[in-house]
Amino acid sequence: MVEAIVESSHYAKGSLVFREGEESDSLFVVKSGLIKLTQSNKEGKQHILRFLFPGDYFGQFALLHHKQNYVTAEVVESGSVCRMHRKQFVPLLENNAALAFSFLMSMSEQLHQAEELAGAMHIYDVEKRLARLLLYLHNRNQSEDSSRVQGNSIDLPAAKKEFAAMIGATAETLSRKLNYLESMGIITVRKRTVDILDLKALNQMAEMKE
C-alpha cells in the first residue's frame, strides 16, 4: 500500500534534499546513507540539530502543517532517500488506523530522542554529553545492517568541529575529552573511528542504565 506511493532517489555526499525556508509537500525517509539537519541564525552560521540514520524520517512538520521547512537537510554519506507526497500520504493515514498509529509512535520516539539530547546539552557537563552522544550513535548503529557497524566501533558522522558543536564544545575540547576517555581505557580513537572498549563504563559516565 505505502510502497505504491514511494519515490526513491539517490543523493550524493554534499547534496541537499531541501533547504531551510523552502516549501515542501512531502515526507522523506532515509533508506541508506546519512543526513544531517542544520539550522542557520541571522548571521548565517549553521548549527547541527541532529543526524538521521536509515529508517529515520524528516520533513513531517512542513508536510502536516503546510509550512516551510525550518531546517536544511544535507547528505553526509551518499545514499537513497524515499519520498511520499502529501496528497497521497495523508489520505492513507486518514483511512488506515494502524498506519496512522505506527506513524504517531514513530514521531513520538523521534521526539523523545531529540528531547533527550537537547536536555543533556543543558543538564550535563561536556564529558557526560559526549558519552551520551557516543552511546546514541552506538545504539543507532547496532540497529542497522550497515558496513559502518563493526561490533562496538562507530564512525563519527561529521568532522570533529561539527561533532563538537553537537555537544556545545569546541573541536579542541572534544579532542581533550576523547583523549581523556582513551586514557581511562573506555575507548580508542582512530581518526574518525571510535572503538568502545568498556561499554559499561561509558554508560556509567553518561549516567544511563545499561
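Let's start with F58: in this predicted model, F58 counts as buried, at 2% relative accessibility. Which ring does F58 stack with? Let me take the pairs in general before I answer. A pair of aromatic rings is described by the distance of the centres and the angle of the planes. The structure holds seven aromatic pairs, and one of them joins F28 and F58, stacked at 5.4 Å centre to centre with 20° between the planes.

β3 and β6 pair in the antiparallel sense, over two bridges. If you want a spot to look at on your screen, V29 has Y57 in β6 as its bridge partner. Zooming out, four strands form an open sheet in the order β1-β8-β3-β6, with antiparallel pairing. The edges are β1 (7-11) and β6, each with a single partner strand, so one side of each is left without a neighbour in the sheet.

What lies across β3 and β8? That would be helix α2, running at about 70° to β8, which spans 79-85. The buried residues of α2 are R86, F89, L92 and L93. Seen down the helix axis, those buried residues of α2 fall within an arc of 140°, so they line one face of the helix. Over on the other side of α2, K87, E94 and N95 are exposed.

I'd like to stay with F89 for a moment, since F89 brings us back to the rings. F89 counts as buried at 3% relative accessibility. Its ring forms an aromatic pair with F103, also 5.4 Å centre to centre, but edge-to-face, with 80° between the planes. F89 sits in helix α2 (residues 86-95) and F103 in helix α3 (residues 97-123), so here the pair ties together parts that are 14 residues apart in sequence. F103 counts as buried too, at 11% relative accessibility.

So, two pairs to take away: F28 with F58, stacked, and F89 with F103, edge-to-face. Thanks, everyone!

Technical notes
Residues numbered from 1 in each chain as written. Predicted model: local features only at pLDDT ≥ 70, side-chain atom pairs only at ≥ 80, totals over all residues. Heavy atoms only, no water. Phe/Tyr/Trp six-rings, centres within 6.5 Å; stacked < 30°, edge-to-face > 60°. Buried < 20%, exposed > 50% of the residue type's maximum accessible area, 1.4 Å probe, protein only. Pairing = 2+ DSSP bridges. Contact = heavy atoms within 4.5 Å. Axes fitted to C-alpha atoms, helices over the stretch in contact; angles between N-to-C directions. Arc of directions from axis to C-beta.
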